[in-house]
Each structure stands twice: as C-alpha cells, then as structure tokens.
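Hi,

Here is the structure I said I would pass on.

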Amino acid sequence: MFRYQCNDRLVTVEATTERVLRLLALLQRRLSWTAAELAAELGVTGRCVRRDVQRLRTLGYPVHAVSGIGGGYQLGAGTRLPPLLLDDEEAIATAVSLRLASGGTVAGASEAALRALAKLDQVMPSRLRAEVRAVHGSTDTLIGPVAEIDAELLVTLARACRDGVRVRFHYPGRDAGERERTVEPIRMVTTGRRWYLMAWDVDRADWRTFRLDRMRAAVATTWRFAAREHPDPVAFVQRAVTGAPYRYLARVRVHAQPERLREVVPPQVGRVEDDRDGWCVLVVGGDDLDWLAAHLARLDHEMEVLEPPELREAAGRLARRLAALAGATSEPGAR
C-alpha cells in the first residue's frame with residue numbers, strides 16, 4: 001500500500017483520496033474558504049491543504065486562490081461541468097426536482113431531466129433511493145395543458161437579458177401575420193403554464209409582453225443597450241395576461257381579504273388589488289360576459305360589479321336561469 005508523509009504522520013492513498021473528495025465537497029458548499037478554515041475542517045495542516053488544492057487543479061477543477069484580507073480558496077467555473085458532491089438532503093431534493101422537471105414546459109427538458117435522474121439514481125445509496133421513491137410514490141402532479149417552448153430560445157433570451165443586448169424575432173400580429181420585432185429584453189416571467197418576456201419594443205417605443213411559444217427565429221444581436229427604468233416585470237406581465245388579450249375587462253369588489261382571494265384565483269387568471277374595510281378588487285378578463293358571470297358566481301363571497309355595466313346584465317341572466325333551474329328541480333312534475 002502506498003503511503004506518504006502529511007501532518008507529521010503517514011497517510012494512505014485511500015485516505016488522501018477521501019480527504020481530497022471532502023475538500024471538493026467543502027469548496028462546492030460555499031463561495032470562499034480560508035486555508036485555516038479548510039485545514040480545521042479536514043484536520044490537516046495548511047501545507048497539506050495546498051497540496052490537495054493542487055491535486056484538484058490537476059484533475060481539472062479550477063480552484064482559485066485569492067490573497068489578502070478576506071481571501072482564500074474559491075471553486076471557479078471551468079471548461080466542463082465537474083462531478084458534484086451532494087449531501088443526503090441535497091441528493092433527495094435534486095432527485096425530487098428532476099422528477100418534477102420531467103413534466104415541465106421546456107422542450108427537451110423532460111428527456112434531459114430523466115437522463116440526469118437515471119444517473120443520480122444509479123449512484124445513490126439504497127437508503128436515499130428508498131426515501132426518494134417514497135416521495136415519488138406518495139405524490140401526484142396535476143398539470144393542465146402547457147405551451148412548450150424550445151430550450152435554446154430560453155437560453156438565448158436569458159443571456160440577452162443578462163448581457164443587455166437587443167433581440168430580433170418574428171411574432172404574430174393582430175392580423176394573424178408574422179412581423180419582425182426588435183426588443184430590449186428585461187426579464188422572463190413564467191406562470192407555470194406559459195413563459196413571457198417583458199421587453200422594450202424598439203419600433204413601438206413602449207413596454208410589451210411576448211409569449212415565448214409564439215416567437216420564431218429569435219436571435220441575439222450585437223447591439224447593446226443601457227437598461228432604462230421599467231415597471232415591475234411580474235406585475236407588468238400579470239396585468240398583460242389577465243387583461244390585454246380579452247374583449248372585456250371586469251373589475252369587481254369582493255368582500256374578502258386579498259390573501260384569501262389570491263389563494264383561489266391564480267395570478268394568470270385574475271389580479272387582486274387591495275381595497276379597504278375587508279374588501280378587495282378583482283380584475284379579470286374574458287371574451288364572453290356570460291362566462292365571466294358564471295365564474296365569478298363560483299366565488300363564495302359577497303361581490304359588487306364596478307365595470308363594465310354589461311356584466312351586471314349577464315349576472316342577471318345567469319340568476320334567472322339558475323332560479324328557473326332550481327324551480328324545475330324542486331317541482332319535477334311542474335310545467
């Protein structure tokens with residue numbers, strides 16, 4: 001068995017390998033460590049830490065040394081993804097997340113998630129594998145129809161938002177024809193079913209929201225821009241998806257706390273605004289007033305229609321139909 005001297009004692013190659021793996025795990029756990037902290041964690045000298053850091057570098061791990069006060073060792077990004085060392089909780093969380101990602105909205109992500117999950121399951125200890133399968137076995141996912149997007153498009157837009165470069169793409173207009181749009185992207189927002197991009201439309205000189213699944217031939221340009229002041233992306237997208245696409249935009253005062261109403265009204269369906277004295281305002285869009293009235297009636301709260309006035313008429317028609325239905329069921333033989 002091979003042995004060498006470290007910390008005034010003989011150390012086996014197996015022990016050295018185990019310690020180097022522990023060092024790698026520590027470097028992946030947080031951003032920066034001092035040599036003294038690593039030596040204390042590993043129970044070795046600073047000289048031994050430096051040797052182990054050099055071993056990791058030889059294996060291709062980019063370990064950076066930062067000098068001065070507050071300096072230390074940092075694990076940087078290399079040219080390839082190195083193996084990750086996960087503790088028990090991290091391994092379980094990763095496996096469960098990959099399982100959920102297998103039913104996501106990004107095209108190709110399902111297959112990639114399943115491949116990663118298979119690799120993780122292969123090397124996972126049996127005790128952890130049993131815990132993960134217990135979670136899977138007792139969990140069902142309720143997912144409605146989703147709009148799938150291309151993973152490459154997601155990466156292109158994410159980089160453009162990060163680097164502050166304009167993006168060009170084709171997008172359908174109101175006349176059903178596609179037009180080229182040039183935008184300055186700020187942020188992507190997902191509702192769970194769809195992905196949206198909030199951006200400054202260069203040609204229209206205004207903020208716009210774009211559905212990623214409707215974009216075609218998106219490319220990032222080399223034109224850099226300085227980010228201008230902009231509204232909150234989440235609030236802006238919510239306003240767009242709950243109102244702009246519809247023929248009617250209803251505002252209804254609801255006798256409920258905003259938090260309680262938000263629990264039953266998803267953000268992509270309606271917007272809940274604070275009001276006063278235990279009331280809030282629900283803003284919801286729709287192309288059919290009768291449909292809107294029926295869905296509002298399902299909310300178990302006292303309500304007052306603010307606008308449009310036609311919604312009150314639709315609610316009246318619904319009330320008469322329900323009253324007639326209730327009369328017919330209570331008197332089966334009546335005509």
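Helix 8 covers residues 233-242, and its buried residues are Pro233, Val237, Gln238, Ala240, Val241 and Thr242. "Buried" here means under 20% relative accessible area, "exposed" means over 50%, and "partly exposed" is in between, all with a 1.4 Å probe and protein chains only. Helices (H or I, at least four residues) and strands (E, at least two) are DSSP runs, numbered from the N terminus. Those buried residues of helix 8 pack against strand 8 (178-190), strand 9 (195-201), strand 10 (206-211), strand 12 (248-254), strand 13 (270-274) and strand 14 (280-286).

Before you go further: this is a predicted model, where local features need pLDDT of at least 70, side-chain atom pairs count only at pLDDT 80 or more, and totals for chains, interfaces and linings use all residues. Residues are numbered from 1 along each chain as its sequence is written, and side-chain values use heavy atoms, with hydrogens and water left out.

**The chain as a whole**

The secondary structure comes to 11 helices and 15 strands. Of the 335 residues in the chain, 34% are buried. If you take contacts (heavy atoms within 4.5 Å) between residues at least 6 apart in sequence, 55% of them join residues at least 24 apart.

**Salt bridges**

Searching the whole structure turns up 19 salt bridges, each one a side-chain nitrogen of Lys or Arg within 4 Å of a carboxyl oxygen of Asp or Glu.

Glu184 pairs with Arg228, with the closest N and O atoms 3.2 Å apart. This pair links distant parts of the chain: Glu184 is in strand 8, while Arg228 is in the loop between strand 11 (216-224) and helix 8, 44 residues apart. Glu184 is buried at 4% relative accessibility, and Arg228 is partly exposed at 35%.

Asp163 forms a salt bridge with Arg162, at 2.8 Å between the closest N and O atoms. Asp163 is partly exposed at 33%, and Arg162 is exposed at 62%.

Arg276 and Asp275 also form a salt bridge, their closest N and O atoms being 3.6 Å apart. Arg276 is exposed, with a relative accessible area of 53%, and Asp275 is partly exposed at 30%. There is also a network: salt bridges that share partners join Arg251, Arg271, Glu273 and Glu307.

**Arg129**

Arg129 lies in helix 6 (residues 126-137) and is buried, with a relative accessible area of 17%. A polar atom of its side chain lies 2.6 Å from the backbone oxygen of Met124. Leaving aside neighbours within four places in sequence, Arg129 is in contact with Asp121, Gln122 and Met124.

Most residues other than glycine have a negative phi, and most peptide bonds are trans. Here are some spots to look at with that in mind.

- A cis peptide bond joins Glu307 and Pro308, with omega about 0 degrees. Pro308 is in the loop between strand 15 (303-307) and helix 11 (309-330).
- Ala205 has a positive phi, near 50 degrees. It lies in the loop between strand 9 and strand 10 and is partly exposed at 48%.
- Asp277 has a positive phi of about 55 degrees. It is in the loop between strand 13 and strand 14 and is exposed at 68%.

Cheers

Conventions:
Polar contact = N/O pair within 3.5 Å; in protein donor to acceptor, adjacent residues only side chain to side chain.
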